[in-house]
Amino acid sequence: MPSFELLPGAPDSPVILHIPHSSRRIPPDVRTGIVLDDTALERELDHIVDAHTADLAEMSAKSAQCPPWRFVNRLSRLVVDPERFPDEREEMLAVGMGAVYTRTTHKGPLRPADTDPAPLVERYFRPYARAVTDAVADRLAATGRAVIVDVHSYPTAPLPYELHAEGPRPAVCLGTDSFHTPPALLAAAREAFAEWETGLDSPFSGTYVPLEFYGGEPRVSALMVEIRRDTYMAEPGGPVGSGLTRLAGALAALVDAVSP
């Protein structure tokens with residue numbers, strides 16, 4: 001299985017659904033660098049994985065009138081987290097969760113504190129970043145614009161690693177960027193998810209845009225959709241519930257609203 005996959009949508013679709021945190025897969029040679037035993041590792045994956053979000057994106061793509069493209073991480077974020085900065089700009093380094101995590105969701109050891117992140121960054125992070133950049137460039141060339149919808153989930157109760165856990169935890173949190181999230185995109189998301197309580201940038205904020213385009217290419221717009229897990233699954237890491245189908249319909253409505 002590849003470490004990531006770009007699943008084609010309609011040729012004229014500008015939309016890329018980005019699914020970075022849905023997998024539990026850890027290659028055996030990476031597993032040897034993690035200090036947790038198998039039981040503890042499975043429990044950590046229950047907490048950290050955005051379970052069923054790849055299924056959510058697939059269901060929405062199948063029901064959208066203009067199917068979006070999907071960029072899916074096929075490895076766990078415990079291998080590398082492709083949405084972190086790979087350097088000192090990353091605020092999550094404060095809790096041991098930069099591009100290569102050394103601490104768990106409960107602030108326990110995941111890898112030795114002196115772990116060198118460079119080999120994993122070179123092997124997994126940089127190829128992923130290049131591939132997403134190429135996918136966005138392809139949509140720009142094909143349609144003149146690109147719309148990245150970053151699909152995540154988050155737990156009902158805060159986990160100890162969260163840096164901004166004191167704010168609201170709505171059913172759907174919409175993460176925005178002052179440059180890349182235009183009012184029309186945000187309005188379309190609010191309308192699509194009108195069935196649920198929505199909020200902005202709490203408990204998680206921002207969007208994912210490849211660094212080549214970040215802050216400089218207005219034709220690339222982006223929005224993060226964070227779905228509270230109790231709306232569609234049993235926590236932590238449990239089976240999916242009936243809410244997933246309704247959420248997939250809402251995501252499809254958002255996709256179609258911002259497509260041609």
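**View A. Helix H5 against the sheet.** H5 lies across S4, S5, S6 and S7, and runs at about 25° to S7. The model is predicted: local features need pLDDT of at least 70 and side-chain atom pairs pLDDT 80 or more, while totals for chains, interfaces and linings use all residues. Residues are numbered from 1 along each chain as its sequence is written, and side-chain values use heavy atoms, with hydrogens and water left out. Helices (H or I, at least four residues) and strands (E, at least two) are DSSP runs numbered from the N terminus. Angles (0 to 180 degrees, between N-to-C directions) refer to lines fitted to C-alpha atoms, for helices over the stretch in contact.

**View B. The open sheet of 7 strands.** The strand order is S1-S3-S2-S4-S7-S5-S6, with mixed pairing. Strands S1 (4-7) and S6 (198-200) are at the edges with a single partner strand each, so one side of each has no neighbour in the sheet. From one strand to the next, the twist averages 20°. Two strands pair if DSSP finds at least two bridges between them. S1 and S3 run antiparallel and are joined by 4 bridges. Opposite Glu5 stands Val72 in S3.

View C. S2 is mostly covered, with 5 of its 5 residues buried; buried means under 20% relative accessible area, exposed over 50%, and partly exposed in between (1.4 Å probe, protein chains only). Val15, Leu17 and Ile19 point one way from S2, while Ile16 and His18 point the other way. In a regular strand the side chains alternate between the two faces of the sheet. S2 runs parallel to S4, and 4 bridges join the two. Leu17 has Val149 as its bridge partner in S4. S2 also runs parallel to S3, again through 4 bridges. There, the bridge partner of Ile19 is Val72.

**View D. The buried face of helix H3.** H3 spans residues 53-63, and its buried residues are Thr53, Ala54, Leu56, Ala57, Ser60 and Ala61. Seen down the axis of H3, these residues fall within an arc of 155°, so they line one face of the helix; the arc is that of the directions from the helix axis to the C-beta atoms. Their cover includes strands S2 (15-19), S3 (69-73), S4 (146-154) and S7 (220-228), and also helix H6 (243-257). H3 lies across S2, S3, S4 and S7, at about 160° to S2.

**View E. Val225 in the largest nonpolar core.** A nonpolar core is a set of buried Ala, Val, Leu, Ile, Met, Phe, Trp, Tyr and Cys residues joined through side-chain atoms within 4.5 Å. The largest has 66 residues, of which Val149, Phe193, Val225 and Leu254 touch the most other members. H6 gives the most to this core, with 8 residues. A second, separate core of 16 residues includes Phe71, Val132, Ala146 and Val220. Beyond its neighbours within four places in sequence, Val225 is in contact with Val149, Asp150, Val151, His152, Val172, Cys173, Leu174, Phe193 and Leu254; contact means heavy atoms within 4.5 Å.

**View F. The surroundings of His180.** His180 is in the loop between strand S5 (172-175) and helix H5 (183-192). His180 is buried, with a relative accessible area of 1%. The His180 side chain reaches the backbone nitrogen of Gly215 at 2.8 Å. Not counting residues up to four places away in sequence, His180 touches Val209, Phe213, Tyr214, Gly215, Gly216, Glu217, Val220, Ser221 and Ala222.

**View G. Ser259 in the segment after H6.** Ser259 counts as buried, at 10% relative accessibility. A polar atom of the Ser259 side chain lies 2.6 Å from the backbone oxygen of Val255. Leaving aside neighbours within four places in sequence, the contacts of Ser259 are Ser13, Pro14, Val15, Cys66 and Arg145.

**View H. Glu42 in helix H2.** H2 covers residues 38-48. Glu42 is partly exposed, with a relative accessible area of 42%. From C-alpha to C-alpha, Glu42 and Arg74 are 17 Å apart in space; in sequence they are 32 residues apart.

Definitions and conventions: Polar contact = N/O pair within 3.5 Å; in protein donor to acceptor, adjacent residues only side chain to side chain.
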